[in-house]
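Reader: Could you take me through this model, beginning with the overall fold and then turning to the sheets?

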Amino acid sequence: MSNAARTAENWPIGANMLSFGNTAADGRPLQEASSALWASQLRQVKQLGVDQIDPTDAWLPLAKLSDGRLEEFRRVLDGEGLTLSSISMTRSSVVDRRFGEQNLRDAHRFIDLAPDFGVSIVNVGFMQGLTQAQKDAIWFWLADGHHDTPDLRSLAIERIRELGEHASERGIQVSLEMYEDTYIGTADEAVSFLNEVNHEAVGLNPDLGNLVRLHREVEPWQSMFEKVLPFSNFWHIKNYTRDFDPATGAYFSAPVPLKYGYVNYRNVIRRALDLGYDGPFCCEHYGSDSLGVIAENVQYIRQVLSSALAESSSSK
C-alpha cells in the first residue's frame with residue numbers, strides 16, 4: 001500500500017510481544033504451551049485498544065510451529081480480533097557461527113508464512129544472544145554484547161540478498177534492523193551494507209532507539225535519521241531519555257514513552273512521510289508496564305499520522 005493510500009486509522013502499527021517472554025508458567029517454551037495461553041496474552045493487547053501485533057520469534061516463533069499449531073494460532077488470532085502488522089526475528093542472526101544456517105532456514109520460513117497472514121515485512125538483524133554480563137545488568141544495553149566480525153560480512157550480504165530474492169517472489173520485503181556493533185550498527189554502515197546487498201526487496205529498519213540508549217558517544221539522532229529514512233521500509237520504534245555529563249564523562253539513559261524522550265518523533269515521523277515512508281510500525285518498550293506504554297505509543301503515532309496526512313492532503 002502506498003503512502004497516499006494509507007490513513008492514520010488503517011496504517012499497520014503493531015505491539016511487540018516481547019514483554020510476555022517466551023515461556024509458560026511451567027517453564028515450557030511458548031510454542032509448546034496451550035493456545036489458551038496465547039489467547040490470554042493476545043487478549044491483553046486487544047483490551048488496550050491495539051488490534052495488531054508483531055509475533056517476534058522471541059515470543060512465539062511461528063517458523064517452528066507445525067502446520068496444525070499454525071492453524072491454532074490463526075484461529076486464536078481471529079478469535080481475539082487481532083491481525084499481524086509484521087513479523088520480526090530477534091537475536092537470530094543468519095551468520096551466527098553456531099545457529100546461522102538454522103536461522104536462515106527460519107527466515108525463509110517466515111517469508112513463506114508472511115503473505116498468508118497479510119504481512120508485508122519480515123524483519124531480520126545481526127544481533128545475537130545476550131551475554132551473561134548483559135543478562136546481569138539492570139538494562140542489557142549497559143554491558144558489552146556481540147560484535148560482528150569482518151570475516152563474515154560477505155556471507156551476511158549474500159544471505160540477505162538470498163532472503164530478498166525469496167521475499168520478492170512472495171511479494172513482500174525484508175527489513176534490516178539497525179543494532180550496535182553489527183554490520184548495520186551506525187547510519188553510515190547501514191546504508192553502505194544495504195547498497196552492497198543491492199536488492200529492491202530489502203530495506204532498513206531505522207531502530208535508532210537501539211543506539212541512543214547506549215552509554216557511549218553516538219551520532220546525533222537528527223543526522224542518523226536523515227541518512228537512513230530514505231531507505232527505510234519498516235520501523236521498530238521506541239524512545240529513551242539520554243544525558244551526558246562532560247565533567248565526568250558519565251552517560252544516562254532509560255526507556256520512556258515516545259513523546260517524552262530524546263528523539264522528537266513527531267518531527268521524525270513527519271519527515272519520514274515527506275520522504276515517502278509507507279511501512280509498518282512496531283512499537284517496543286522495555287521495563288515498567290511495557291504493554292501499557294506500547295498502547296499509548298500506538299495512539300501517539302496515529303495522532304501524528306493524522307495531523308501530518310491531513311496537512312499533506314490540504315496542501316495538494
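**Overall fold and sheets**

Author: Of the 316 residues in the chain, 53% are buried, where buried means under 20% relative accessible area with a 1.4 Å probe, protein chains only. This is a predicted model, in which local features need pLDDT of at least 70 and side-chain atom pairs count only at pLDDT 80 or more, while totals for chains, interfaces and linings use all residues. Residues are numbered from 1 along each chain as its sequence is written, and side-chain values use heavy atoms, with hydrogens and water left out.

Reader: How many helices and strands does the chain have?

Author: There are ten helices and eleven strands, taken as DSSP runs numbered from the N terminus (helices: H or I, at least four residues; strands: E, at least two). The chain's radius of gyration is 19 Å, close to the 20 Å given by the globule rule for 316 residues, so the chain is as compact as a globular protein of that length. That radius is taken over C-alpha atoms, and the rule is 2.2 Å times the number of residues to the power 0.38.

Reader: What is the strand order in the sheet of five?

Author: The order is E3-E2-E1-E11-E8, in an open sheet with parallel pairing; two strands pair if DSSP finds at least two bridges between them. Strands E3 (83-84) and E8 (235-237) stand at the edges with a single partner strand each, so one side of each lacks a neighbour in the sheet. Helix H9 (residues 265-274) packs on this sheet, touching E8 and strand E11 (281-283), with contact meaning heavy atoms within 4.5 Å. The direction of H9 makes about 170° with that of E8; axes are lines fitted to C-alpha atoms, for helices over the stretch in contact, and angles run from 0 to 180 degrees between N-to-C directions.

Reader: And which residue stands opposite Gln52?

Author: Thr83 in E3 does. Strand E2 (residues 52-54) pairs with E3 in the parallel sense over two bridges.

Reader: Turning to the sheet of four strands, what is its order?

Author: This open sheet runs E4-E5-E6-E7, with parallel pairing. Strand E6 (residues 173-177) pairs with E7 over four bridges, and Leu176 has Leu204 in E7 as its bridge partner. H6 lies across E6 and E7, at about 165° to E7.

Reader: At what angle do H6 and H8 cross?

Author: The axes of H6 (residues 187-197) and H8 (residues 221-228) cross at roughly 5° and come within 9 Å. That makes the two helices roughly parallel, a term for angles under 35 degrees. Ala187, Asp188 and Val191 in H6 meet Met224, Lys227 and Val228 in H8.

Conventions: Buried < 20%, exposed > 50% of the residue type's maximum accessible area, 1.4 Å probe, protein only. Parallel < 35°, antiparallel > 145°, perpendicular 65-115°, else oblique.
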